[in-house]
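Have the viewer open and follow along.

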Amino acid sequence: MNSDNGFFGKYGGKYVAEVLRRPLDELDAALEKALHDKKFMDELHTIQKDYIGRATPLLFAPRATEILGGGQIYIKLEGLANTGAHKINNAIGQALLAKYMGKTRIIAETGAGQHGVATAAACAKLGLDCTVYMGEVDVRRQQPNVAAMEMYGAKVCPVTSGSRTLKDAVNEAMRDWAANFENTHYVLGSALGPAPFPDMVRIFQSVIGNEVKEECEKRGVKIGAMVACVGGGSNSIGFFSPFIDEKSPRLIGAEAGGIGPNVGENASRMTGNASREGIVQGYKSRFLLDEDGQSLPTRSISAGLDYMGIGPQLAELGTSGRIEFMNILDKEALEAVSFFAKNEGVLFALESAHAGAAAMKIAKQVPKDQAVVINMSGRGDKDIFITSPVFRPKEWKAFLESELERLNEQKDIHNAKLMGGDK
Ligand SMILES: *Cc1c(COP(=O)(O)O)cnc(C)c1O
């Protein structure tokens, strides 16, 4: 399951400038050492249990099972992890490793802000200095997450180069790391980037799949299929990891089909028309690229799946056929949010709802005495600004207008008082 010297088949690798070789090699060695260090592993397990709240529950979904009429539906409630999603598993693992390496400063990239929030929280927990690079466009669009990062004491640096989005934030983080690796670790947010990041992120996220495996064995549940959404690929590869080298269960990855099959309408790196092999930001994989190798625009209702690249191990396992990929439209993801909220009392994040929608499609193909396990990578509270305009547009608009009015009417003195100021 581990890479062969950084490669998964022909994908992966370490395509970086000379200055980044040293920090990557150093990281490789430190990871290897930490995984065999009882003190590190004990400390990691304690934080996973007491701070993240592991193990997260595995919920049987009886009404969904009955309505869908096939395999037994189970939901891994990863959204109950502290900070609301699986990203904290990786952020805590890397931040702790950085501490063992003697680093005092953490940097991270973030797009929608979810990885930035997880990293900021992990740094606050472990007493590390934290700087998050975020495209200026994303900073403007994702204020709730910027506010959360600052609440955890992180510094958010708006990136003004290029398209001022995630890609540019990654470039800026790489530049910072190359210049400061003596005291700084770069916490990359998904199972991609140059080696050893894809292996390392999978290892820290494999806690999800290991818990599912153990719990199913304990309850005597036979798994027929496992379904996860795939952005960069961290929740899916962690969820699938204990089963990759076995023939069963079926492993299904749900990609963002957005609003259609044309360029700019989706983020379908495995199933889409514009899927191409390439080397981008340090690794070889499948990307949405034009014929000249330039990155193409992407679209998804879920910010976390809206990315032009996919982790190299997923690209390899998709090509070999071990992982099946499904294309899920925005509309289908929204329907899945409603379905699981109304029938099971579980509010999926829009990303995770892509997995829910894929499970709804394949449930009937799985025998009734076997399970379909869905990874709910995150909970949906964060999506209220996206789901409300869809489900109740008039009421939401009136709410925002009244909030704005309230804000404008407020006297400055009022806010100063709340902050303990005396002006
Ligand atoms: C970021 C995110 C994803 C996508 O990232 P992966 O690395 O593919 O897991 C999925 N779900 C949630 C809730 C996220 O925040």
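## Ground rules and domains

Domain bounds here come from an automatic or database domain assignment. For this chain, the assignment gives domain 1 (7-51 + 87-198), domain 2 (55-83 + 205-385) and domain 3 (397-422). The C-alpha centres of domain 1 and domain 2 lie 23 Å apart.

A bit of bookkeeping: this is a predicted model, where local features need pLDDT of at least 70 and side-chain atom pairs count only at pLDDT 80 or more, while totals for chains, interfaces and linings use all residues. Residues are numbered from 1 along each chain as its sequence is written, and side-chain values use heavy atoms, with hydrogens and water left out.

## Where domain 1 meets domain 2

Counting contact as heavy atoms within 4.5 Å, 33 residues of domain 1 touch 31 residues of domain 2. The buried area is about 2600 Å², and carbon and sulfur atoms give 61% of that. (Buried area is the accessible area, with a 1.4 Å probe, that two parts lose on being put together, summed over both.)

What about polar links? There are 11 residue pairs in polar contact between domain 1 and domain 2, both residues at pLDDT 80 or more. A polar contact is a pair of N or O atoms within 3.5 Å; within protein, one must be able to donate a hydrogen and the other to accept it, and residues adjacent in sequence count only if both atoms are side-chain atoms. On the domain 1 side, the elements giving two or more residues are strand 2 (11-12), helix 2 (38-52), helix 4 (87-100), helix 5 (114-126) and helix 8 (166-180). Helix 8 supplies the largest share, 5 residues. Helices (H or I, at least four residues) and strands (E, at least two) are DSSP runs, numbered from the N terminus.

## Salt bridges

The rule for a salt bridge is a side-chain nitrogen of Lys or Arg within 4 Å of a carboxyl oxygen of Asp or Glu. The structure holds 31 of them, and 1 crosses the interface of domain 1 and domain 2. Glu 277 pairs with Lys 10 in a salt bridge, with the closest N and O atoms 2.9 Å apart.

Arg 22 and Glu 182 form another salt bridge, at 3.5 Å from N to O. Arg 22 sits in helix 1 (residues 21-35) and Glu 182 in the loop between helix 8 and strand 8 (184-187), so this pair ties together parts that are 160 residues apart in sequence.

## Around the ligand

Which residues are closest to the ligand? Of the 16 that surround it, the closest are Lys 87, Ser 190, Gly 231, Ser 234 and Ser 377. The cut-off for being near is a heavy atom within 4 Å.

Most residues other than glycine have a negative phi, and most peptide bonds are trans. Asn 5, in the segment before strand 1 (7-8), has a positive phi of about 55° without being a glycine.

Two cis peptide bonds are worth a look. Ala 195 and Pro 196 are joined by one with omega about 10°, and Pro 196 falls in the loop between strand 8 and helix 9 (197-219). Ser 248 and Pro 249 share another, with omega about 0°; Pro 249 is in the loop between helix 10 (234-240) and strand 10 (250-258).
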